[in-house]
Amino acid sequence: MNEHLPVLRSLMPESYVQRGDQASIVGGAIEFVKELEHILQSLEAKKFTLLEQQGNNNTNNNNNINNNNNSNNNNNNNNEDNYNPDQEISDDNSSIKQVSPFAQFFAYPQFSCSNNQMGNKYTSQSKAAIADIEVTLIETHANIRILSRRRLRQLSKIVASFHSVSLTILHLNVTTLDLLVLYSISAKVEEGCQLSSADEIAGAVHHMLRIIEEEAILGCQS
């Protein structure tokens, strides 16, 4: 391990390593990777937004072309079939909207509602799963990703819920896209925590989100 520390340190900006001991270098590397992950997620959100805008623009342009073609055909009594060579581009871009944003960050989620397409704005009313949730667990450290709808005070409620089940949040990234929010959480499973597997943690997180959703619905009705 020690022989790899200089190489690991050379891959990071100096600001991430305050001291030269093993713990500082490894800790700095973890922080650096988390920061890179957050940048990647933010860029993915921007890319998705640009692709959606491009798809909408192409659709509008194709509709205008089709309207003009139909008008010309009616005036000239032309019975030839209309063919728009740009239509395939429109179809490709419309299919982009059906792809779940941030899908690349979920390899084997324990819960997923992305297959329901989340509607035009990626919102899901699925009763089976209200969010994409993936948990990996190595000893007492859990990496948790949550893709869900944005709700008022949701983050503070998640933090409080984690604390109530003896999960200490060590690192948290938040990325938003339209009505969606992606949480990337690194947490420590403390002594006394009743959750002993990745599936149990994922189930607990889904239960937390279900309660938050129900509270939001009741708040709207009151």
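This is a predicted model: local features need pLDDT of at least 70, side-chain atom pairs count only at pLDDT 80 or more; totals for chains, interfaces and linings use all residues.
1. With a relative accessibility of 27%, L137 counts as partly exposed, a class that lies between buried (under 20% relative accessible area) and exposed (over 50%), with a 1.4 Å probe and protein chains only. L137 belongs to strand β1. Setting aside neighbours within four places in sequence, L137 is in contact with A142, V189, S196, S197, A198 and I201, where contact means heavy atoms within 4.5 Å.

2. Residues are numbered from 1 along each chain as its sequence is written, and side-chain values use heavy atoms, with hydrogens and water left out.

3. The protein has five helices and four strands, taken as DSSP runs (helices H or I, at least four residues; strands E, at least two) numbered from the N terminus. Along the sequence the order is α-α-α-β-β-α-β-β-α. Of its 222 residues, 34% count as buried. Among contacts between residues at least 6 apart in sequence, 62% join residues at least 24 apart.

4. Helix α5 covers residues 198–221, 24 residues in total. From first C-alpha to last, α5 reaches 35 Å, close to the expected 34 Å, a span computed as 1.5 Å times one less than the number of residues. The buried residues of α5 are A198, I201, A202, A204, V205, H206, M208, L209, I212 and E213. What covers them includes the strands β1 (132–138), β2 (141–149), β3 (167–177) and β4 (180–189), together with helix α4 (154–164).

5. How do α4 and α5 pack? Their axes come within 10 Å and cross at roughly 140 degrees; axes are lines fitted to C-alpha atoms over the stretch in contact, and angles run from 0 to 180 degrees between N-to-C directions. The two helices are therefore oblique to each other, the class left after roughly parallel (under 35 degrees), roughly antiparallel (over 145) and roughly perpendicular (65 to 115). On the α4 side, Q154, K157, I158, S161 and F162 meet V205, M208, L209, I212 and E215 of α5. These contact residues divide into six nonpolar, two polar and two charged.

6. I133 is also in strand β1, and it counts as buried because its relative accessibility is 0%. Apart from neighbours within four places in sequence, the contacts of I133 are F106, P109, Q110, F111, R145, I146, A202, V205, H206 and L209. The C-alpha atoms of I133 and G203 are separated by 8.8 Å, although the two residues are 70 apart along the chain.

7. Most residues other than glycine have a negative phi. E139, in the loop between β1 and β2, has a positive phi near 55 degrees. D178, in the loop between β3 and β4, is not a glycine either and has a positive phi of about 55 degrees. Are these residues buried or exposed? E139 counts as exposed at 75% relative accessibility, whereas D178 is partly exposed, with a relative accessible area of 33%.

Technical notes
Ala, Val, Leu, Ile, Met, Phe, Trp, Tyr, Cys and Pro count as nonpolar, Asp, Glu, Lys and Arg as charged, and the others, Gly among them, as polar.
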